[in-house]
Amino acid sequence: MKPRPEPVRIIACGMIARETLAVMESLKLDHLSLACLPADFHHHPERIAPAVDEAITKARADGYERIFIGYADCGTGGDLDKVCERHGVERIAGPHCFAFYQGMEKFAALEDRDMTAFYMTDFLARQFEAFLVKPLGLDRHPELREMYFGNYETLVYLAQTDDPDLTEKAKDAAKFLGLAFERRLTGYGDLTSALAVAASV
């Protein structure tokens, strides 16, 4: 009988929780367990590295020897890498989830073209009002749209799933922000391979 793999704790951003669980289920990675940090750290990247540091320490105390970080750099300016190095753990490669969802090679190829793109994921399409409109005050002060989004030209919806309802939500978001709309069906991109490697190391 094949021995059960050693448990792996995945410490991830709440913005990718649903997608991480979907990958874990599709690959039958039953020995992975997910612990998520608040999605709103997206608005406060300075909180990510300290929170990950604390979460790693807790996971070690809970008996996890194998830990993988479900974050890219995500605006931490290298601080997350310092935490990972100190604890001897790995994270998902790339600057942010918008890159690893597309795949790093494709992201690099489109980076110049996307200089004026505002990226949206399934999570952001689903939570547009609660996660962006209200926190930024756009519902109360529409004039702020130009300040926050005036340098963008296109809302690029990076679709993890082929969901017509989410596509309509993303289109509505583009209209609300006064941006052109483009949809790219990315699937889970490099998240799938990253979790597969984390599960097997």
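This is a predicted model: local features need pLDDT of at least 70, side-chain atom pairs count only at pLDDT 80 or more; totals for chains, interfaces and linings use all residues.
Which residues does Val133 touch, not counting residues up to four places away in sequence?

View 1. Val133 has its place in helix 7, which spans residues 128-133, and, not counting residues up to four places away in sequence, Val133 touches Phe128, Leu138, Asp139 and Phe176. Because its relative accessibility is 5%, and buried means under 20%, Val133 counts as buried. Val133 and Ser193 are separated by 60 residues in sequence and, from C-alpha to C-alpha, by 33 Å in space.

**View 2. The largest nonpolar core, with Val52 among its members.** This core holds 68 residues, of which Val52, Ile69, Tyr71, Met120 and Leu155 touch the most other members. Helix 2, made up of residues 48-61, contributes the largest share of this core, namely seven residues. When residues up to four places away in sequence are not counted, the contacts of Val52 are with Leu37, Ile69, Tyr71, Leu80 and Val83. In soluble globular proteins, nonpolar side chains tend to be buried together.

**View 3. The largest pocket and its lining.** The volume of the largest pocket is about 470 Å³, and its lining consists of 17 residues, with Phe98, Ala117, Phe118, Tyr119 and Tyr152 lying nearest the centre. Strand 5 (117-120) and helix 8 (144-149) each supply at least two residues of this lining, and the largest share, three residues, comes from strand 5. Sorted by class, the lining of the largest pocket comprises twelve nonpolar, three polar and two charged residues.

Notes: Residues are numbered from 1 along each chain as its sequence is written. Side-chain values use heavy atoms; hydrogens and water are left out. On a 1 Å grid over the protein atoms alone, a cavity is a set of points where a 1.4 Å probe fits but cannot get out, and a pocket is an open set with protein on both sides within 12 Å along at least five of seven lines; lining residues have an atom within 4 Å of a point. Grid points are joined across faces, edges and corners, and a volume is the space filled by probe spheres set on the points. Helices (H or I, at least four residues) and strands (E, at least two) are DSSP runs, numbered from the N terminus. Ala, Val, Leu, Ile, Met, Phe, Trp, Tyr, Cys and Pro count as nonpolar, Asp, Glu, Lys and Arg as charged, and the others, Gly among them, as polar. A nonpolar core is a set of buried Ala, Val, Leu, Ile, Met, Phe, Trp, Tyr and Cys residues joined through side-chain atoms within 4.5 Å. Buried means under 20% relative accessible area, exposed over 50%, partly exposed in between (1.4 Å probe, protein chains only). Contact means heavy atoms within 4.5 Å.
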